[in-house]
Amino acid sequence: MRCRVCGEKAFIKLHYPKMYLCADHFVEYFERKVKRTIEKYKLLKPDEKVLVVVSGGKDSAVTAYVLKKLGYNVECLHINLGIGEYSEKSEQYAREQCRIIGAPLHVVNVRELLGKGIGEVRTRRPTCSYCGLTKRYLFNKFAYDNGFDVIATGHNLDDEASFIFSNLMNWNTEYLAKQGPLLPGEGKFVRKVKPLYELTEREVVAYALAVGLEYIIDECPHARGATTIEYKQILNELEEKRPGTKINFVKGYLRKRHLFEAELKEIELNECKVCGMPAQGEKCSFCRFWGLEEPVTLKIANTDDEEPFGP
C-alpha cells in the first residue's frame, strides 16, 4: 500500500480516519493532531514551564518528545517506585529517552524517600491504589515546589475511553464529573493536561517507532488482572468492528459531562499539618498513609544532571 500524501511505501494504516501514510507523513499527522488538541482544549501556553511525568513507557516519552519538538519549555520527572528490576529498567529507559529528547530529567526514588518501595507496605489497601496516591502527590508537590506552571501526562485515547467506561460501569459519578483533557489548577494543585487525549495507543506506538524512541514493554507486576485492561480489550473489539468507536465515545462523554456536575460535593480543604499541602483533615492522605511527621523535600538539585532527591 502507498502513502495517501506522497505515494511512497506506507508505514501505517490508520483505521479512523481510514488512510495509509508513510513514516514522515504519519509523524506530521501525529504532531499536527497533538497541536490541535492543545489548541482545542486550551491546554498550554507557549511561555509556560511544563513538567512531563515520564515512566519509561511509550506514552510519557512521546508526550515529552512532541512537546519539546513543538517548542515548549519541557523538563521531566521520573518516580522510581522501588518495584525491583521493573523499576530499575523503567528508570534506565526514562534516562535514555530524556537524553534523546534533550530535556532535563529529575528522579525521585520512593524507597530512598519513604523507606519502602511500592508493594512493600503492609496494608489492606490495594497496591495500585496507594501507588496512584503516592505518584499523584509526588509529581504535584514537585511541580508546586519548583515553580512549574503545568503537569503533562501521557494518557492517550485508549486510557481515557477505558477510564470513562469503567466509571460508567460502576456509576462513579463524581469521577465522571471532572474527567477530561484538562484539570484546572487550584491553590497548591498544579494544572494537569493530557496532550495525547485524542490519539490512540496504536498511534502512540507507531510514533515512538517512527522517531526512534525505545520504551519499556514489561507490565508492572502489580497491574496484572486490573479491570482497566479488560475494559481496554472490550473497547478494542468494538473499535475493530466499528472504527471511530473510541473517539466518538470520548467526545460524546465530553458533551454530556455537565450532566454529572450535580454529583460534585463541596469539600473544605485545610493545610496538612505535616507538609502544608491540601488536606481534608489534619493530615493529607499521603502523609497519613506513609505515617510521616516531617515533610519530604523535592527541590531541584543545584546540578543539571539526574541525581535522585532525598527527604
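Predicted model: local features only at pLDDT ≥ 70, side-chain atom pairs only at ≥ 80, totals over all residues.
So, how are α6 and α10 oriented to each other?

Okay, the overall picture. The chain has 311 residues, and its radius of gyration is 20 Å. For a compact globule with that number of residues you'd expect something near 19 Å, so the two agree. In terms of secondary structure, we're looking at eleven helices and eleven strands. Burial comes out at 49% of the residues. And if you take contacts between residues at least 6 apart in sequence, 69% of them join residues at least 24 apart.

α6 runs over residues 157-169 and α10 over residues 245-256. Their axes come within 9 Å and cross at roughly 60°. Angles from 65 to 115 degrees would count as roughly perpendicular, and those under 35 as roughly parallel; this pair is therefore oblique. As for the hand, the crossing of α6 and α10 is left-handed.

Who's touching whom? On the α6 side you've got L157, D158, E160, A161, I164, F165 and L168. On the α10 side they meet K246, I247, F249, V250 and Y253. Sort the residues of that contact by type and you get nine nonpolar, three charged and no polar.

T200 sits in the loop between β8, residues 191-193, and α8, residues 201-211. Setting aside neighbours within four places in sequence, T200 is in contact with L157 and D158, and L157 and D158 are also among the α6 residues that meet α10. Is T200 buried or exposed? Its relative accessibility is 18%, so T200 counts as buried, with the cut-off for that being under 20%.

Last stop, N73, which is in strand β4, residues 73-80. N73 has 40% relative accessibility, so we call N73 partly exposed. Which residues does N73 contact, leaving aside neighbours within four places in sequence? Those are E48, K49 and V50. And if you want a distance to check on screen, look at N73 and D59: they're 14 residues apart along the chain, and their C-alpha atoms are separated by 18 Å.

That's my tour; over to you.

Methods
Residues numbered from 1 in each chain as written. Heavy atoms only, no water. Axes fitted to C-alpha atoms, helices over the stretch in contact; angles between N-to-C directions. Helix = DSSP H or I, 4+ residues; strand = E, 2+ residues; numbered from the N terminus. Parallel < 35°, antiparallel > 145°, perpendicular 65-115°, else oblique. Left-handed = near helix turned anticlockwise from the far one by under 90°. Contact = heavy atoms within 4.5 Å. Nonpolar A, V, L, I, M, F, W, Y, C, P; charged D, E, K, R; others polar. Rg over C-alpha atoms; globule rule 2.2 N^0.38 Å. Buried < 20%, exposed > 50% of the residue type's maximum accessible area, 1.4 Å probe, protein only.
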